[in-house]
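Let me put the sequence and the structure up, and then I'll walk you through the parts I looked at.

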Amino acid sequence: FLRRSHHGKRGALVRVAGTVGERTIFQETITLAAGAAAPLEVEVPGGLGRLSITTENIGDGLPLDNRVELIEPKVRTLHIALALPKDSPALTAVQRALRGIPDVSLTNSESAELLIASAQPLPSSRRELAWLGIGPLDASDEVRTAALDLAGPFILEKQNPLLDGLTLSGVVWGGVQPLKLDVAPIITSGQHPLLSRLNGTRTLAYLLNIDFAKSNLADSPDWPILLSNLIELRRDNLPGLRRWNYRLNEEIRFRLIEDDSATTTEAASESNTSRPLLLVHRGQKRLLARAPIVELPPLEESGVYTLVDGERPIGEFAVNFFDSEESTLTGLRPGRRDPTEAAASRGFQIDQPLTWMILVGIVLILLAAFIDWHVLRPVGRRA
C-alpha cells in the first residue's frame with residue numbers, strides 16, 4: 001500500500017516503480033491533480049525482504065522524498081494454550097472469537113505465550129507468560145447461585161489499550177462474585193471489579209470476573225474486540241522488532257530476544273551484559289544501552305538500519321523521509337542565489353576607530369606604570 005501526495009500547482013503524471021536490486025517488481029503510472037493525493041495498491045510476491053519504491057515526475061524540485069525503502073514485515077505468530085473445561089460456555093466463546101483473529105496458533109501450556117484458563121488456580125509467576133483467567137471465581141453451586149448479574153453502568157479505564165473500541169452497550173455481565181485478591185481494576189460496576197490485572201506477580205495476568213453461562217458478553221461485538229486487544233498487546237510484547245518501517249524521528253522500541261540458554265547464574269548474566277548491542281547504518285555502528293525494552297534515540301537519517309546483539313542479528317528496519325511541510329515548495333520563489341564568499345583573513349587588521357583609542361590608552365597606561373616604578377624605586381645602601 002502506497003500513498004502519493006502531489007504538492008505542486010499543476011497536475012502531474014507520476015511513474016511509480018518498485019524494484020529489488022536490478023529487478024523490477026511493478027511499474028505503474030498515476031495521474032495526480034494539483035495538491036491532491038492518491039492511494040496505490042499493488043500485489044507483490046512474498047519473500048522479497050526489501051523493496052525500493054521510486055517515483056518520477058518531470059520538473060520535481062525535491063528528489064529527496066521520491067524514494068522509499070520498505071522492509072517486508074515478519075509474521076509474529078502468538079502461541080496460545082486453552083486450559084478451560086471441555087464443553088464449557090467460556091471455551092466455546094474463546095474458540096469462536098479466535099477464528100477471526102489472524103496469526104495465532106494453539107499449543108500446550110508449557111510453550112504458550114498466552115494461557116487462557118479458569119480463574120482458579122492462579123498462574124505461576126513467569127515474566128514470559130501472559131494469562132487470562134475466566135470465571136466463575138468459585139465453581140460451587142452455592143456461590144454461583146448467589147452471584148450478581150449486572151447491566152451497568154460500567155466504568156472503563158479508557159487509557160488502557162486492552163479496552164480500545166469497547167463500549168459494553170447492552171451487555172449483561174453475569175455471575176459476578178466477591179473478589180478478595182490484590183488487583184488493579186480495569187472494568188468495574190459499582191464496587192465490583194469485572195476485569196482486573198493481578199498485582200504481585202511477574203506474569204501479565206488478567207482476571208475476568210464473569211460466568212459466561214449467565215452473561216451475553218460472548219454474543220456482543222465487545223468480546224472478540226477484547227480478546228483481540230489482549231492478543232495484540234501480548235504480541236507487541238514478544239521479543240524482536242514490532243514494526244519494520246518508520247518515519248524519521250518516530251519512536252522505535254523493541255524487546256530484546258531472550259537467550260534460550262540463559263540461566264539465573266552470575267556467569268550467564270555477565271555474558272548477556274558483555275555482548276555489545278549495536279545499531280548499524282551505512283557502515284557506521286552506534287552502541288545502544290541494553291535493557292529489557294530498548295528505546296532507540298531519534299534517527300535523523302533515512303535508510304535501512306540493522307540491529308546486532310553481539311554476533312547475532314536481531315533484524316533490520318527502514319526509516320524514511322516524510323515531512324509534508326518540507327516537501328511543499330510552492331511558497332518559494334524561482335531564482336538564483338550565489339553562495340556567500342567568505343573573506344580569508346590575512347593577518348591582524350584594525351578597521352575601527354575605537355580600536356586605535358584602546359591601543360593608545362593601553363600604551364599610556366604602560367608608560368605611566370614604567371615612569372612610576374623608575375622614579376619611586378628604592379635605592380640600595382652603599383657599604
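First, a quick definition: two strands count as paired if DSSP finds at least two bridges between them. And please keep in mind that this is a predicted model.

So, with that in hand, which residue in strand 14 is the bridge partner of Leu156? It's Ile187. Strand 12 and strand 14, which covers residues 183–189, pair in the antiparallel sense over two bridges. In general, strands of a sheet pair through backbone hydrogen bonds, and that can be parallel or antiparallel.

We've got an open sheet of eight strands, in the order 8-7-9-10-16-15-14-12, and the pairing is mixed. At the edges sit strand 8 (104–106) and strand 12 (155–156), each pairing on one side only.

Next up, helix 1. Helix 1 lies across strand 7, strand 8, strand 9 and strand 10, and runs at about 160° to strand 7. Its buried residues are Ala90, Leu91, Ala93, Val94, Ala97 and Leu98. Why do they end up on the same side of helix 1? Because they cover an arc of only 165° around the axis. If you're new to helices: an α-helix has 3.6 residues a turn, so residues three or four places apart point the same way. What do the buried residues of helix 1 pack against? Strands 7, 8, 9 and 10, plus helix 3 (222–236).

As for Phe212, the residues it touches include Pro89, Ala90, Ala93, Ile134 and Trp223.

The structure holds four aromatic pairs. Take Tyr246 and Phe317: the ring centres are 5.8 Å apart and the planes are at 85°, so this pair is edge-to-face. Tyr246 is in strand 18 and Phe317 in strand 24, 71 residues apart. Tyr305 and Phe317 make a stacked pair, with 5.6 Å centre to centre and 10° between the planes. Put together, the ring pairs link Tyr246, Tyr305 and Phe317 into a cluster.

Okay, that's me done. Thanks!

How values were computed: Residues are numbered from 1 along each chain as its sequence is written. This is a predicted model: local features need pLDDT of at least 70, side-chain atom pairs count only at pLDDT 80 or more; totals for chains, interfaces and linings use all residues. Side-chain values use heavy atoms; hydrogens and water are left out. Contact means heavy atoms within 4.5 Å. Helices (H or I, at least four residues) and strands (E, at least two) are DSSP runs, numbered from the N terminus. Axes are lines fitted to C-alpha atoms, for helices over the stretch in contact, and angles run from 0 to 180 degrees between N-to-C directions. Buried means under 20% relative accessible area, exposed over 50%, partly exposed in between (1.4 Å probe, protein chains only). The arc is that of the directions from the helix axis to the C-beta atoms. Rings of Phe, Tyr and Trp (its six-membered ring) pair if their centres lie within 6.5 Å; planes under 30 degrees apart count as stacked, over 60 as edge-to-face and the rest as tilted.
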